[in-house]
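Take a look at the model below.

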Amino acid sequence: MKHTNYRLTLEDAVQVWLHRWSGEYQHEIASRFGVNQGRVNEVLKGKRHPESERIAREKREIH
């Protein structure tokens, strides 16, 4: 688990999308990264790292 002041990086945000699409709930994803659920929600709403969804889609298509 990461420090509570940890800020999600772009790569983390990409992973947030991939975990969400695999069926994980926001609170589970937040726990995985050691952040508040609100930080995960910011990614999913496009408020933080808005390009992460596009990158995650591209990554998902490759695999």
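At what angle do H1 and H2 pack, and how far apart are their axes? In this predicted model, the angle is about 145 degrees and the axes lie 10 Å apart. The crossing of H1 past H2 is right-handed. H1 brings Asp12, Gln15, Val16, His19 and Arg20 to the contact, and H2 brings Ile29, Arg32 and Phe33. Sorted by class, the residues of this contact are three nonpolar, two polar and three charged.

Now turn to the core. The largest nonpolar core has 13 residues. Those touching the most other members are Leu8, Val16, Phe33, Val35, Val40 and Val43. Helices H1 (10-21), H2 (26-33) and H3 (37-44) each give two or more residues to this core. H1 gives the most, with four. In soluble globular proteins, nonpolar side chains tend to be buried together.

What does valine 40 contact, leaving aside its neighbours within four places in sequence? The partners are Leu8, Val16, Gln26, Ile29, Ala30 and Val35.

Finally, zoom out. The chain has four helices and zero strands, giving the pattern α-α-α-α along the sequence. Of its 63 residues, 30% count as buried. Among contacts with a separation of 6 or more, 66% join residues 24 or more positions apart. The C-alpha trace spans about 30 × 20 × 20 Å along its principal axes. A compact globule of 63 residues would have a radius of gyration near 11 Å; the chain has 11 Å, so the two agree.

Note on methods: Residues are numbered from 1 along each chain as its sequence is written. This is a predicted model: local features need pLDDT of at least 70, side-chain atom pairs count only at pLDDT 80 or more; totals for chains, interfaces and linings use all residues. Side-chain values use heavy atoms; hydrogens and water are left out. A nonpolar core is a set of buried Ala, Val, Leu, Ile, Met, Phe, Trp, Tyr and Cys residues joined through side-chain atoms within 4.5 Å. Buried means under 20% relative accessible area, exposed over 50%, partly exposed in between (1.4 Å probe, protein chains only). Contact means heavy atoms within 4.5 Å. Axes are lines fitted to C-alpha atoms, for helices over the stretch in contact, and angles run from 0 to 180 degrees between N-to-C directions. A crossing is left-handed if the near helix is turned anticlockwise from the far one by less than a right angle, and right-handed if clockwise. Ala, Val, Leu, Ile, Met, Phe, Trp, Tyr, Cys and Pro count as nonpolar, Asp, Glu, Lys and Arg as charged, and the others, Gly among them, as polar. The radius of gyration is taken over C-alpha atoms; the globule rule is 2.2 Å times the number of residues to the power 0.38.
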